[in-house]
Amino acid sequence: MNGVGLVLNFETILVILAASLFGIFVGAVPGLTATMAVALLVPLTFYMDTIPAIAAIVTTSAMAIFAGDIPGTYLNIPGTPASAAYVGESYALAKKGRAREALGINLVCSVFGGIFGTIILIVVAQSLAEVALKFSAFEYFWLAVLGLSCSIFISVGSRTKAFLSLLFGILLSTVGLDMMSGAPRFTFGVPDLMAGINFIPVMIGMFALNELMSYYGSKSEKKTISVVDKDSVFHNVPGHIKRYWRNMVRGSSIGTLIGALPGAGADIAAWISYGVGKGRSKDSAKYGTGNVEGIVDASSANNSGISGAWVPALVFGIPGDSITAIVIGVLYMKGMNPGPTIFMDGSGLIYALFIVFILANLMMLPIGYMAIRLSKLFILTPSRVLMPIILCFCIVGAFAINNSVVDIWLMLIVGLVAYLLAVNDFPMAPAILGLVLGSVVENNFMSAMLRTGGDLTSFFARPISAGLGVAVILLWCSPLLIKAYRYQKQKTERASL
Amino acid sequence: MIMTNHSLKTFCISSLAAAVMAASSSALADYPERPITLIVPWAAGGGTDATARTIARALEEELGQNVNVVNRTGGSGVVGHTAMLNAAPDGYTLGLATVEVNTMHWQGLTDLTYEDFTPIAQINYDSPGIQVATDGEFESLDALMEAIRTEPKGSLTASGTGQGGIWHLAFTGFLMDQGIPADQVIWIPSEGSAPAMTELASGGIDIVSTSVPEARSMMDAGRVKSFAVMAAERLSAFPDIPTTNELVGSDYQVGAWRGIVGPKGMDPEVVATLESALEAAYQSDTYQDFMTQRGFGTEWRNAEEFGQMMEEMDGILGEIVEQVGLAN
């Protein structure tokens, strides 16, 4: 019961409220990202007590991840790599005049995913962390390959172009100090490039800047998205939930599980969940054309992934993603050392933390609703006013992540390249995933090879690794198998005629 | 308040004069008279960042001026360290330098060396520990060293940082000190201590060499144990872990230091002011409590000793980098 008292006091509630608004704002502004929001909070948490400090981070990250879908829906500019998986889906819905409906179902799925992940965290954190610890380089290699394959599998349009776009992302991921050899690659003597290419400026360039350029390129003031008064936020939500509740539960489970793995986060979770959803759906052909089902899959997965990432962070002090990496520092700072003892000490801090999680996710409903209503501003503001403002935030967002001018240049150059690719119908999303996962694939592959002396069969030597490997290979062969099956079926049909 | 035109003019002139005088009468007399910036070459939320923010807070109380921490991350520390030495040497831009100053130039990653800085004070030193999985095959350091010596080259694997990182060099240096070739144990590079810890627990590797506090949560969880720490005395936060000197009689010590530096060419009197303020900040409860609670090692060296330490460490690490085959 101590926990309740630690949360339900004036300071903590005020912090949660302020952090909600801050998170929603940062998430909803194209160019500003969730990771940046949390990084900006760190200096402030130094002056807060433990629970308000944690509450600020939990609330901000959950809100920002959801709010990142608002510009995604209205402007085709996703807020995080995790929402890049389904930005095409919600933008297509918005074009049909169903923007609020898309965001409404997204909001409800985010809340559900977040709370689902939290309950898992409360109930089985320790045993789930045990499972996560069984993952070694071999398993991470396959998981990352699976994520990359999903990005091709779920792409709309030419798979060849999606594959080339993915390769472009992987190429960018090779820039920087190679972890394995300690040698710099493609850095051209620029020290800022030694840490590699940060995905945030790249993402801003690829989506936001690219969108800006195509607006100015098309020269028309005509709006693709118009205000539809009948479009209600929650009206259709019960119907969708009734229809797709399985997708919600499945997405949340996948999200929590993948989020709990230290080497994989909400981004891979969203892609895999979307891919699994498409593979299992009765009308998979509708995916990518403005389909609510895909939004349910992915948006419940990324928010549960955020909660899942706390599992290894709390149990073993090992970060599950970039946000919990910051959180662990704050926990230590406040004397709440991660480890199994965190669940046992009598101070009730851990219960307070759980309550904060639930509270932050519940708070998302009203505040998210307000944000969706307010987001009409994106349509009401004339584009010639809106676009320059977005450009300003793009520059600020690219700079702020590392306080580096090089990142602004990077954003501009990538934006230009992305524009050329987009004009020629190359999808952007696989490139982002390639950049995020390219080094995961490479480093885990190299690490596995280094310790087994180059034995490729070792990727199938451990049970989980072998299972994942078979799943990946089946996914690769699935188009061939489906073709063979249809051919066989036609032949027998003809024969029976 | 409404100023007449005349009084406004005198006000402007007098304040301008004051500013000129303040600038010309060398920073000495009243240093510091404006806020100080402390550059941190690593990201917000990490151990170095937390150390910097704590010493900054303690230093503020001593100097009566704000000390603002600015993270200049990227380039594995090169970006932040370069920003420190490019600042004006007026005492208003300082930096929290880390041991990478002693390693990166040997690997040809940057031209900057310890000689480009004005050392002010060393405030922290962490010794490497030798950690293994609790359910692993080794019962003691002796058994582990015996296996390293007798098993064929490359049968055992170790991790803890990237290629050429401080724990890689420290561990290899220890092997060399024990008369074992540098390449007897394969180093599996990792992005920091946390991934190395999961690899250790999942049975992917045999040994992790990092500072002991970095292994603390996994030790609390009973998954990892630390055989020994390469330090002159046992660490106060971990009194049960013996030193390598107790176990194998080795007094070899290479670890990670953190210290406050400025750009080259700072005024000696400013350095002296900062040095004594930092000593008081180092002794303060704010700083000592934080370091004890995190388990970070405290070690104080004044400007002169800090400079000597960097010089000495530079030679030792250069030798190890050469032996590991990373010299460039």
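Good morning. In this structure, 43 residues of chain A are in contact with 43 residues of chain B; two residues count as in contact if their C-beta atoms, placed from the backbone, lie within 7 Å. This is a predicted model, in which local features need pLDDT of at least 70, side-chain atom pairs count only at pLDDT 80 or more, and totals for chains, interfaces and linings use all residues. Residues are numbered from 1 along each chain as its sequence is written, while chains are lettered from A and ligands numbered from 1 in the order in which they are written.

The most comes from α16(A), with six residues. By class, this side of chain A has 26 nonpolar, 14 polar and three charged residues. Here Ala, Val, Leu, Ile, Met, Phe, Trp, Tyr, Cys and Pro count as nonpolar, Asp, Glu, Lys and Arg as charged, and the others, Gly among them, as polar.

Helix α3(A) also packs against helix α2 (residues 10-28) of chain A, at an angle of about 140° and with the axes 9 Å apart. Therefore α2(A) is oblique to α3(A); angles under 35 degrees count as roughly parallel, over 145 as roughly antiparallel, 65 to 115 as roughly perpendicular and the rest as oblique. The contact involves Phe22(A), Gly23(A), Val26(A) and Gly27(A) of α2(A), together with Ala34(A), Met36(A) and Ala37(A) of α3(A).

Eight of its nine residues are buried, so α7(A) is largely enclosed by the rest of the structure. A residue is buried if 20 or more other C-beta atoms lie within 10 Å of its own. The cover includes α5 (69-75), α6 (81-84), α8 (99-133) and α14 (292-308) of chain A. Just after α7(A), Gly97(A) has a positive phi of about 85°.

Finally, in strand β5 (residues 128-133) of chain B, six of six residues are buried. On one side are Pro128(B), Ile130(B) and Val132(B), and on the other Gly129(B), Gln131(B) and Ala133(B). Strand β5(B) pairs with strand β8 (residues 207-211) of chain B in the antiparallel sense over five bridges; strands pair if DSSP finds at least two bridges between them. Within that pairing, Ile130(B) has Ser209(B) as its bridge partner.

Terms used:
Helix = DSSP H or I, 4+ residues; strand = E, 2+ residues; numbered from the N terminus. Buried ≥ 20, exposed ≤ 12 C-beta atoms within 10 Å, placed from the backbone. Axes fitted to C-alpha atoms, helices over the stretch in contact; angles between N-to-C directions.
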